[in-house]
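Open your viewer and get ready to click along. We will go stop by stop, selecting one thing at a time.

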2 protein chains.
Amino acid sequence: MAEQGSGFELPLLLFAGFRTLIDALHTELARQGHPDVRPAYGFAMQAIGIDGATASELGRRLGVSKQAAGKTVDRLAALGYAERVDDDTDGRRKLVRLTPRGIDSLVRSAEIFDQLRAQWAATLGQNRLASMENDLRTVVPTDGFRLDVAGWFG
Amino acid sequence: MAEQGSGFELPLLLFAGFRTLIDALHTELARQGHPDVRPAYGFAMQAIGIDGATASELGRRLGVSKQAAGKTVDRLAALGYAERVDDDTDGRRKLVRLTPRGIDSLVRSAEIFDQLRAQWAATLGQNRLASMENDLRTVVPTDGFRLDVAGWFG
DNA sequence: GTAGACTCGACAACGTGGTTGACGAAATAG
DNA sequence: CTATTTCGTCAACCACGTTGTCGAGTCTAC
């Protein structure tokens, strides 16, 4: 209340909201058999998608270099969430595909996010939550933004 | 609008809002003579505060180890934003103090954040923005949360 | 059909932000 | 006086990003 109207608080609240959701997601994800999925991995797997992608394409989607994307794929592969498959029609390309385990984590993430949103809706009311989402949509640039949280911040 | 009610969109919107504010801050900060302040540095300087702090205390405030805090102080010191001062009454302690340049960046940050909030208020309306802040306060845990964004995410 | 340009994935080196573990020095508790 | 705690630092390591380089494969133009 002392910080009412302080410009300092707004970014903190937005980040706290983001972090609250992501932490709740990963707590539940861990409980459902995915204890070693980090926030960054979730975003990367989301970017890989069901159809898969090459490392270069993944880099473009995430807004990072192809080298950084390649390293992320290494970690995902080491954990059994993704795999590299040679492309028959192009000897240079290696398609990165999610394993069944990777797809499972993605499906569960979507469900958990829906449940979390429902909790917020129950607390704030559907209208208030929808207003918040609409207002955020108005005020953030519409073009896709970069998801390289760790690298961006530090 | 296709994503209306999608649990996936909410965290993205919150993060995009956070990032939009932080990016705007640093663009303006760079214009005002602080081009090499990174988001992480701003949070660290905020935690150091006007009165200064020891590296261990800084670590506690940021939620990271004293070693990590010490490294952050190194980078801040290298850029001329902070300095270490021996404590006369305790031979172990070294107080980390912001330099005038460090304080200047903090003062300007506060002003810029206020201006950015005013822009949001002009776009959304005072009431809508205040509602958003109130709703976020309702839904995020009240206890102080960790500011180690980079380390948390990745 | 082949020469040049482009793309792909990988390698190396580095910067930044974290972690543990260990350690000497200084303060404090008994 | 001794035992414990705390402070700052050093060293090693990991995660996530960067740039530069490179061989190999594909595509385009002549």
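**Before you start**

This is a predicted model, in which local features need pLDDT of at least 70 and side-chain atom pairs count only at pLDDT 80 or more, while totals for chains, interfaces and linings use all residues. Residues are numbered from 1 along each chain as its sequence is written, and chains are lettered from A and ligands numbered from 1 in the order in which they are written.

**Stop 1: chain A as a whole**

Helices here are DSSP runs of H or I with at least four residues, strands are runs of E with at least two, and both are numbered from the N terminus. Following the sequence of chain A, the pattern reads α-α-β-α-α-β-β-α-α-α. Along the principal axes, the C-alpha atoms of chain A fill a box of roughly 60 × 30 × 25 Å.

Now colour chain A by burial. Of its 154 residues, 38% are buried; a residue is buried if 20 or more other C-beta atoms lie within 10 Å of its own, exposed if 12 or fewer, and partly exposed in between, with C-beta atoms placed from the backbone. Two residues are in contact if their C-beta atoms, placed from the backbone, lie within 7 Å. Among contacts in chain A between residues at least 6 apart in sequence, 49% join residues at least 24 apart.

**Stop 2: helix α2 of chain A**

Select residues 39-48 of chain A. Is this helix mostly covered or mostly exposed? Helix α2 of chain A is mostly covered, with 8 of its 10 residues buried. Among the buried residues of α2(A) are A:Pro39, A:Tyr41, A:Phe43 and A:Ile48. Step just past α2(A) to A:Gly49, where phi is positive, about 75°.

**Stop 3: the strands**

Stay in chain A and select residues 53-54, 82-86 and 94-98. Strand β1 (residues 53-54) of chain A pairs with strand β3 (residues 94-98) of chain A in the antiparallel sense over 2 bridges; two strands pair if DSSP finds at least two bridges between them. Strand β2 (residues 82-86) of chain A runs antiparallel to β3(A), joined by 5 bridges. Click on A:Leu95 in β3(A): A:Thr54 stands opposite A:Leu95, and A:Leu95 is the bridge partner of A:Val85.

Switch to chain B. Its open sheet of 3 strands has the order β1-β3-β2, with antiparallel pairing. In chain B, β1 (53-54) and β2 (82-86) stand at the edges with a single partner strand each, so one side of each is left without a neighbour in the sheet. For a pair to highlight, take B:Ala53, which stands opposite B:Val96 in β3(B).

**Stop 4: where the two chains meet**

Show both chains. The contact takes 42 residues from chain A and 42 residues from chain B. On the side of chain B that touches chain A, the largest share, 13 residues, comes from α1(B). By class, that side of chain B has 26 nonpolar, 7 polar and 9 charged residues. Here Ala, Val, Leu, Ile, Met, Phe, Trp, Tyr, Cys and Pro count as nonpolar, Asp, Glu, Lys and Arg as charged, and the others, Gly among them, as polar.

Zoom in on residues 126-139 of both chains. The axes of helix α6 of chain A and helix α6 of chain B come within 10 Å and cross at roughly 115°; axes are lines fitted to C-alpha atoms, for helices over the stretch in contact, and angles run from 0 to 180 degrees between N-to-C directions. From chain A the contact uses A:Arg128, A:Ser131, A:Met132 and A:Asp135, and from chain B it uses B:Arg128, B:Ser131, B:Met132 and B:Asp135.

**Stop 5: the DNA**

Select DNA strand C. It is surrounded by 26 residues, and the closest are A:Thr54, A:Gly154, B:Ser65, B:Gly91 and B:Gly151. A residue counts as near a strand if its C-beta atom, placed from the backbone, lies within 6 Å of it. With 5 residues, α4(B) gives the most to the surface near DNA strand C. That surface has 5 nonpolar, 10 polar and 11 charged residues.

Finish with DNA strand D, where the 26 surrounding residues have A:Ala68, A:Gly91, A:Gly151, B:Thr54 and B:Gly154 as the closest. For the surface near DNA strand D, α4(A) gives the most, with 5 residues.
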